[in-house]
Amino acid sequence: MSVSNQPGGEPAAQLGLVKIAHDEEEAARQAQASREAADTVMKAFGGVRGMIDMTLPGLVFIVTYNITHKVPAAAWAALGLSALFVVARLLKRETVQHAFSGVFGVAIGAWISMKTGKAENFYLPGLLWNVGYCVGLAVSALVRWPLIGIMLGPVTGEMFTWRKQNPGRLAAYTKATWAWVLIMGIKPLILFPLYFTHNVNLLGWLKVALGIPPLLLAMYVTWQILLKAPPPIKAQLDDEPAEEHPAGGPSAGV
């Protein structure tokens, strides 16, 4: 006997179809929320403009040094460019976070290189920062406060809900953080031995060459990991009414 001929068969079948449609809609919604959260990776790290702000001063330094063979001239050229980036962002009313961090690093490198008279010392603060950054990433993953989650949480709107309420995202952020350790650790492994050879040209050009590609690779790997992660649970602010989560999963607002 067919389902439609049984008592209540047709309503039951309709309810089944409605549930399937609802489940598919919910799965699509969560997939979209995961994609939107993954797409915040580039924004969190300053985007293309942020990468340019970090890379060009080093390029200007090595080019100016090759032309003038004077450490102060090269240092001031790099520092001046970093300052211009900050001014340009201020005039356009853009965020200056990455530009300021760039000018700070360049200023320290310029001061050390001029103080010691050694051009390779312009790159020393950046190399030490790379090592410290990788160590910090590794420690954060080990203590279950992965740094990538700390950075992306405010951008996605989830803040730190991933720590206790969303174990799938905690696992994803931990995995992404270890990926950053491995990828970004390539730079100091290559550049530190060169620093001790005092080969300024090779050090400078490789520093520029290794500026953007590893960063792009780390962001792409993070994006791929977060695409497969559960959607973020939006943090509930004290002055906001509680949201009602649809059946089948938590809020995935970004």
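This is a predicted model: local features need pLDDT of at least 70, side-chain atom pairs count only at pLDDT 80 or more; totals for chains, interfaces and linings use all residues.
Q: How many helices and strands does the protein have?
A: Helices (H or I, at least four residues) and strands (E, at least two) are DSSP runs, numbered from the N terminus. Here the secondary structure comes to twelve helices and zero strands.

Q: At what angle do α6 and α9 pack?
A: Axes are lines fitted to C-alpha atoms, for helices over the stretch in contact, and angles run from 0 to 180 degrees between N-to-C directions. Helix α6 (residues 124–142) packs against helix α9 (residues 167–184) at about 155°, with the axes 9 Å apart. That angle makes α6 roughly antiparallel to α9, a term for angles over 145 degrees.

Q: Which residues of α6 and α9 meet?
A: Contact means heavy atoms within 4.5 Å. Among the residues that meet are Y133, C134 and L137 in α6, and T174, W178 and V181 in α9. The residues of this contact of α6 with α9 divide into ten nonpolar, three polar and no charged, where Ala, Val, Leu, Ile, Met, Phe, Trp, Tyr, Cys and Pro count as nonpolar, Asp, Glu, Lys and Arg as charged, and the others, Gly among them, as polar.

Q: How do α9 and α12 pack?
A: The angle between α9 and helix α12 (residues 212–227) is about 160°, and their axes are 9 Å apart, which means that α9 is roughly antiparallel to α12. Residues that meet include R169, Y173 and W180 in α9, together with P214, L217 and I225 in α12. The residues of the contact of α9 with α12 divide into 15 nonpolar, one polar and two charged.

Q: Is W111 buried or exposed?
A: Buried means under 20% relative accessible area, exposed over 50%, and partly exposed in between (1.4 Å probe, protein chains only). W111, found in helix α5 (residues 97–116), is exposed because its relative accessible area is 54%. The C-alpha atoms of W111 and N121, ten residues apart along the chain, are separated by 9.1 Å.

Q: What percentage of the residues in the protein is buried?
A: Buried residues make up 43% of the 254 residues in the protein.

Definitions and conventions. Residues are numbered from 1 along each chain as its sequence is written. Side-chain values use heavy atoms; hydrogens and water are left out. Angles under 35 degrees count as roughly parallel, over 145 as roughly antiparallel, 65 to 115 as roughly perpendicular and the rest as oblique.
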